[in-house]
Amino acid sequence: MIESFEGKTAVLTGAGSGFGLECARIGAQRGMNLVLVDVQQDALDAAAAELQAAGAAVLARRVDVADAAQMEQLAADVQQRFGAPHLVFNNAGVGAGGLLWESSVKDWDWVMGVNVMGVVHGVRLFTPMMLAAAAKDPQWRGHIVNTASMAGLLTAPNMGIYNVSKHAVVALSETLHQDLALVTDQIGASVLCPYFVPTGITRSERNRPDTPAVQLTKSQMIGQAMTDKAVSSGKVTAAEVAQRVFDAVGAGQFYIFSHPQALGNVQSRMEHIVRGENPPDPFLARPDIGQRLREQLRG
Ligand SMILES: NC(=O)c1ccc[n+]([C@@H]2O[C@H](COP(=O)([O-])OP(=O)(O)OC[C@H]3O[C@@H](n4cnc5c(N)ncnc54)[C@H](O)[C@@H]3O)[C@@H](O)[C@H]2O)c1
C-alpha cells in the first residue's frame, strides 16, 4: 500500500500505450518520478515528451521486457537515477489466439516471453531493491502491480496461449503477495485483471520481434476478429482502469477488476472445479457466439 505518491518513483512497462500510458499520466499528476519502459520507440518517445511536459522527472528506456539482460540494465539505470522504485507496474503484454495446437514454438516464445518472463524479470530485479530500501527505513512503502487479465481466471476457447500466460501471471502475483507477507509489512502486491478494454492490444503483432514465418491459421484469424470486436466495443476506458490501479495501490487491495460484473464466470468455473464437474459451457450467456464459432471452425 502506498498512501502518498508525491516524490515517489514508478516503473511502468508497456508505458507507450493503453494501461501503462494512462497509469503514467496519473503518476505525473500525483507528482511521481516516472520510469517509462516500452519496446516501441515512437510510442515511448511520445509518452516521454508528454509526461516531461506535464512536469514529471522521466527516465525512458527502450527495453524488451522478455530480455533478461535488457531488464538487468534497466534495473541498474533505475537504481542509479532514482533509487529503489516505490511502484512497479509489470504491465507490458501481447495477445495471440487460435486453437492450442496451431500455436507455433515462436508464438509460445513470444507470448510467454513478454507476458510471463517480462513479469518475472520485473519481480526478480525490483523486489530485492525495494526490500533493501524498506530494511533501511521503516517508513518506506512499496507496491508491485502485475497485469494479468480475466483470461487468467477463465479458460475461454480459441485463445489458449494467452490464457496460459495470464494464468501464470495470476499464480505468480498471488504467490508474490504471500511471499512478501512472510518477510515484510512494507511492500504489497496486486494483480490487474481487465476484461475487454479498448487499447492497442489487438494490434500486438506490431511489436513482434520476428514476423510469423507462416500465414495466420484459420482459427487464429477467427480469434483475432473476435478479439478485435470485443475489445473495440468495450465501454470501460483505459483511463478508468488506471484510476482503479491507483485506488487499489492506495488501499492495499490485491485483485483489481475492470468489470466486476464478469466475475460470475469465475465463480461458475471455481464451482465446477470443487464439484469435480467438467468445465462449464463458456457460451452459456451467448449461445449464438458459440454456435457461430463452431460453424466457422468446422466449416
Ligand atoms: N485491453 C484489454 O482488453 C486487456 C484485457 C486484459 C489484459 N490486458 C493486458 O493489459 C496489458 C497492457 O496492454 P494494453 O491493453 O494497454 O495494450 P497496448 O498494446 O495498448 O499496450 C501494451 C504496450 O506494451 C508494449 N510492449 C509490447 N511488447 C513489449 C515488450 N516485449 N517489451 C516492452 N514493451 C512491450 C507495447 O509497445 C505497448 O505500448 C497487457 O499485459 C495485456 O495483456 C489488456
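**Entry 1: the ligand shell**

I began with the ligand and saw that α1 (18–29) and α5 (160–183) each supply at least two residues of the shell around it. Helices here are DSSP runs of H or I with at least four residues, strands are runs of E with at least two, and both are numbered from the N terminus. Before going on, I noted that this is a predicted model, in which local features need pLDDT of at least 70 and side-chain atom pairs count only at pLDDT 80 or more, while totals for chains, interfaces and linings use all residues. I also noted that residues are numbered from 1 along each chain as its sequence is written, and that side-chain values use heavy atoms, with hydrogens and water left out.

How many residues surround the ligand? I found 30, with S17, D38, Y162, T199 and N207 the closest; a residue is near when one of its heavy atoms lies within 4 Å. By type, the shell divides into 14 nonpolar, 12 polar and 4 charged residues.

A polar side-chain atom of N207 sits 2.7 Å from a ligand oxygen. For K166, a side-chain N or O atom is 2.9 Å from an oxygen of the ligand. G93 uses a backbone N or O atom, 3.5 Å from a ligand oxygen. The protein covers 98% of the 830 Å² of accessible area that the ligand has on its own, by the Shrake-Rupley method with a 1.4 Å probe.

**Entry 2: N91**

I found N91 in the loop between β4 (87–90) and α4 (105–136). Is N91 buried or exposed? N91 counts as buried because its relative accessibility is 8%, and the cut-offs are under 20% for buried, over 50% for exposed and partly exposed in between (1.4 Å probe, protein chains only). Leaving out residues up to four places away in sequence, N91 touches T13, G14, F19, G20 and T147, with contact meaning heavy atoms within 4.5 Å.

**Entry 3: the cores**

I then turned to nonpolar cores, sets of buried Ala, Val, Leu, Ile, Met, Phe, Trp, Tyr and Cys residues joined through side-chain atoms within 4.5 Å. The largest has 45 residues, and V35, L74, V78, F126, M150 and C193 have the most contacts inside it. Two or more residues come from each of β2 (33–38), α3 (68–81), α4, α5 and β6 (187–193). Helix α4 gives the most to this core, 11 residues. Another core lies apart from it, with 34 residues, including A24, L36, A56 and A242.

**Entry 4: two helix residues**

T127 is in α4, and I noted it as buried because its relative accessibility is 9%. Its side chain reaches the backbone oxygen of V123 at 2.6 Å. Beyond four places in sequence, T127 touches G122, I144 and L180.

E174 belongs to α5 and counts as partly exposed because its relative accessibility is 31%. Outside its sequence neighbours up to four places away, E174 touches F254 and Y255.

Notes:
A polar contact is a pair of N or O atoms within 3.5 Å; within protein, one must be able to donate a hydrogen and the other to accept it, and residues adjacent in sequence count only if both atoms are side-chain atoms. Ala, Val, Leu, Ile, Met, Phe, Trp, Tyr, Cys and Pro count as nonpolar, Asp, Glu, Lys and Arg as charged, and the others, Gly among them, as polar.
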